[in-house]
Amino acid sequence: MAAPGENLRINADRLWDSIHEMARIGPGVAGGCNRQTLTDADAEGRALFKRWCEEAGCQMGLDQMGNMFAMRPGTDPDALPVYVGSHLDTQPTGGRYDGVLGVLGGLELIRTLNDLNIRTRHPIVVVNWTNEEGTRFAPAMLASGVFAGVHDLDWAYERTDAEGKRFGDELERIGWKGDEPVGARKMKAFFELHIEQGPILEAEGKDIGVVTHGQGLSWTQVTVTGKEAHTGSTPMPMRRNAGLGMARILELVDEIAWSHKPHAVGAAGHIEVHPNSRNVIPGKAVFTIDFRSPDKAVIEDMENRLREGAKKICDEMGLEVAFEKVGGFDPVEFDKDCVAAVRRAAERLGYSHMDIISGAGHDACWINRVAPTAMVMCPCVDGLSHNEAEEISKEWAAAGADVLFHAVVETAEIVE
């Protein structure tokens, strides 16, 4: 198949301007974005994206989960489309680039093809997946999960936010519930451009991350139960301190993750201590251990060592401990042909690149189950993400979008 010429590049200024115009919708308090899924701001962002896509000559499709599909026709009506995209929803204190770069990078790809009057045999579809962040409605990557058959549609509709509002009701309220069955679309391939959300590319001085794998994830909620007692009048030998038990388990978690370096990680992000009073020894601690690795066997080993080690710690301290698996997914190996297309694109364009493993979950991780998939990553400053101070340069965005353009258009097959 013919590859795009190395001189073909996207319009970096137009992409950059589009990103920052989208950021004006649902602005954060510190320069970022608060465009949470199925809010009025989300609806406004979707409307802007739809208008831009229609101005670029695309036809917009909408499925029952609110996933948006903007199609640029190919010359062969029977050819499977090549899909590209990410998400427009953000964290409550999110940055301007997480997800948005991938969606608007896909739109810029279409605009560039139009500018150059290039036709492809396969249609190209830019997608905005609903509720990737999972910050309002858990779990994350909800709509792409329904698309891939991981979640049931009715189950997804029943997810509720902190105020008890149902996902299905809110999707209907903002006017972005479509009629198209979820997952009915067939893909030749799917490509997702994303900021790294980690520090490796910047530290290594690389323009592009060629994502070969996605880390698997395991969430285990641990409940340690002791006995509440006065902090001043309870002798040390008579204490059953659930907080201290938790601290020792967290030390164990750190040791377990280090034992599988360099790719395994582990920590507790969600922690609750009861009764959380200054002069009461904690009687209960509830916390969630997040283990990640690109190797399923490593995740299983970390889970087993957590349970065995935590039980031993608590037995020795006179504490009770209970475990509940509350989330997770297996590691992902992206399609070798799609990954090779990304690598060829970076080399053709002269961008420095390296293979990388994604430490975060992405829609591509679910879509990989139903279509050949790959990801392109660009650096972000200090690896900071899910923060209003998230930052990338226009040059990094352009390099990522250039590589995306070449990989997608090569896969979609230029018509000479």
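Modeller: Happy to! Let's start with histidine 87, which touches Asp98, Gly99, Val100, Val103, Asn128, Trp129, Glu132, Glu133, His194 and Asp363, leaving out residues up to four places away in sequence; contact here means heavy atoms within 4.5 Å. A word on the basis: this is a predicted model, in which local features need pLDDT of at least 70 and side-chain atom pairs count only at pLDDT 80 or more, while totals for chains, interfaces and linings use all residues. Residues are numbered from 1 along each chain as its sequence is written, and side-chain values use heavy atoms, with hydrogens and water left out.

Histidine 87 sits in the loop between strand S3 (82-86) and H3; helices (H or I, at least four residues) and strands (E, at least two) are DSSP runs, numbered from the N terminus. Its relative accessibility is 0%, so histidine 87 counts as buried (buried is under 20% relative accessible area, exposed over 50%, partly exposed in between, with a 1.4 Å probe and protein chains only). The side chains of histidine 87 and aspartate 98 are joined by a polar contact of 3.3 Å. By polar contact I mean a pair of N or O atoms within 3.5 Å; within protein, one must be able to donate a hydrogen and the other to accept it, and residues adjacent in sequence count only if both atoms are side-chain atoms.

Beyond its neighbours within four places in sequence, histidine 194 is in contact with residues including Ser86, His87, Asp98, Gly99, His362 and Cys378.

Now for the annotation you asked about. In the UniProt record, an unreviewed entry, "binding site" covers His87, Asp98 and His194; such annotations may be inferred rather than shown by experiment, feature names are shortened, and positions are given in the numbering used here. These residues span 108 residues in sequence, yet no two of their C-alpha atoms are more than 9.8 Å apart, so they gather at one spot. The lining of the largest pocket includes His87, Asp98 and His194. On a 1 Å grid over the protein atoms alone, a pocket is an open set of points where a 1.4 Å probe fits, with protein on both sides within 12 Å along at least five of seven lines; lining residues have an atom within 4 Å of a point.
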